[in-house]
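Please read the points in order, with the model in view.

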Amino acid sequence: MVKRLALITGGTSGIGLGAARKLAPSCDLALAYAGNHERAEKARQEFEALGVHAEIFARPLGSYEDAGELLEQVKSSYKRSPDILVNSAGSIHDGFFMTTDFAHHEKIIREHLVVTMALCHLTVKGMYGNKFGRIVNLSSISGSYAKRGQTSYAAAKAAITGFTKTLALEVAHRGITVNAVAPGLIATPMTEGIMQFLEKDPKRTIKKVVPAGYAGTTEDVGSLIAFLCSDEARYITGALMVIDGGRSLGDPGS
Ligand SMILES: NC(=O)c1ccc[n+]([C@@H]2O[C@H](COP(=O)([O-])OP(=O)(O)OC[C@H]3O[C@@H](n4cnc5c(N)ncnc54)[C@H](OP(=O)(O)O)[C@@H]3O)[C@@H](O)[C@H]2O)c1
């Protein structure tokens, strides 16, 4: 039987890699990344050792054109369109709104929001024809739970939620589900600096800021994403799944 094809942007690191590991038993994998070839090759070899068909695609994403080129590369390798799309690519660079160059904010919006919308636009037609599709877009609790220095990141992540719900509504009748996942603090290369910072500040240790008392893992988020991509999750669409150990509920107190 032909396995489903999952295109995972940011699939070579952190949450994207966590999702790839959980999807690997049932899917062929197209793992896209920006430029860290060493990390990507390591991921490819991990899947190869398990007998999983996984290919890596280096493509910094910042526009519709970039997304189109990535998809062409994937289609030319696999001779088919993705059945599953996980939009997990993106970086984070905090900066106060007033004092940060506007180009920085535009870059964040393009990288997180425009690229997510572009890849949905480019892949959903194939899913529509096949009467099956699973799309998971990475939002963040930062989209609703404000943090200094994250204006553009928050704008992009909040917009991803609205976009996800509306696209879900438009394509639900063709067996396509579109959901958003909003993680809190998850231990990945992206958050290494934040975790070290929190551990050094006695007033703001992870135990104090996360009600569960610890940072989430890529396995936690990967499991959720894989479930949303499964047949069992066919009736879940347009949802924003918060996965944050209670971080956005309020102050855990002492
Ligand atoms: N970690 C958290 O606590 C957390 C919380 C909420 C939301 N999120 C969201 O979850 C997603 C994944 O985050 P993560 O923590 O897993 O990050 P990560 O470990 O830093 O991995 C990011 C992945 O995205 C790729 N990437 C980054 N910028 C790209 C670009 N412009 N074009 C193409 N690929 C790009 C990276 O490729 P290279 O390795 O080649 O650079 C890497 O594969 C992001 O959307 C993030 O906003 C994360």
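1. Two residues are in contact here if their C-beta atoms, placed from the backbone, lie within 7 Å. The model is a predicted one, in which local features need pLDDT of at least 70 and side-chain atom pairs count only at pLDDT 80 or more, while totals for chains, interfaces and linings use all residues. Residues are numbered from 1 along each chain as its sequence is written.

2. With residues up to four places away in sequence left out, I225 touches A19, K22, V86, V136 and V181. I225 is also listed, with A6, I8, L23, L29 and L31, as having the most contacts inside the largest nonpolar core, a set of 62 residues. The largest share of this core, 9 residues, is supplied by α4. A nonpolar core is a set of buried Ala, Val, Leu, Ile, Met, Phe, Trp, Tyr and Cys residues joined through C-beta atoms within 7 Å. A residue is buried if 20 or more other C-beta atoms lie within 10 Å of its own, exposed if 12 or fewer, and partly exposed in between, with C-beta atoms placed from the backbone. In soluble globular proteins, nonpolar side chains tend to be buried together.

3. Helices (H or I, at least four residues) and strands (E, at least two) are DSSP runs, numbered from the N terminus. Strand β1 (residues 4-9) has 5 of its 6 residues buried, so it is largely enclosed by the rest of the structure. Strands pair if DSSP finds at least two bridges between them. β1 runs parallel to strand β2 (residues 27-33), to which 6 bridges join it, and T9 has A32 as its bridge partner in β2. β1 also pairs in the parallel sense with strand β4 (residues 84-87) over 4 bridges; there the bridge partner of T9 is N87.

4. β1, α1 and β2 form a right-handed β-α-β unit; a crossover is right-handed if, with the strands pointing away from the viewer, the path from the first strand over the helix to the second runs clockwise. Helix α1 has 10 of its 10 residues buried, so it is largely enclosed by the rest of the structure. Among these buried residues are R21 and K22.

5. Which residues are closest to the ligand? They are G10, G14, N36, T188 and M190, in a shell of 31 residues (a residue counts as near if its C-beta atom, placed from the backbone, lies within 6 Å of the molecule). α1 (14-23) and α4 (102-130) each supply at least two residues of this shell, and the largest share, 3 residues, comes from α1. By class the shell holds 13 nonpolar, 16 polar and 2 charged residues. Ala, Val, Leu, Ile, Met, Phe, Trp, Tyr, Cys and Pro count as nonpolar, Asp, Glu, Lys and Arg as charged, and the others, Gly among them, as polar.

6. A54 belongs to strand β3 (residues 54-58). A54 is buried, with 22 other C-beta atoms within 10 Å. Leaving out residues up to four places away in sequence, A54 touches L29, L31, R44, F47 and E48.

7. Most residues other than glycine have a negative phi, and most peptide bonds are trans. K79, in the loop between α3 (64-78) and β4, has a positive phi of about 60° although it is not a glycine. K79 is exposed, with 7 other C-beta atoms within 10 Å. K131, in the loop between α4 and β5 (133-138), has a positive phi of about 55°. K131 counts as exposed, with 10 C-beta neighbours inside 10 Å.
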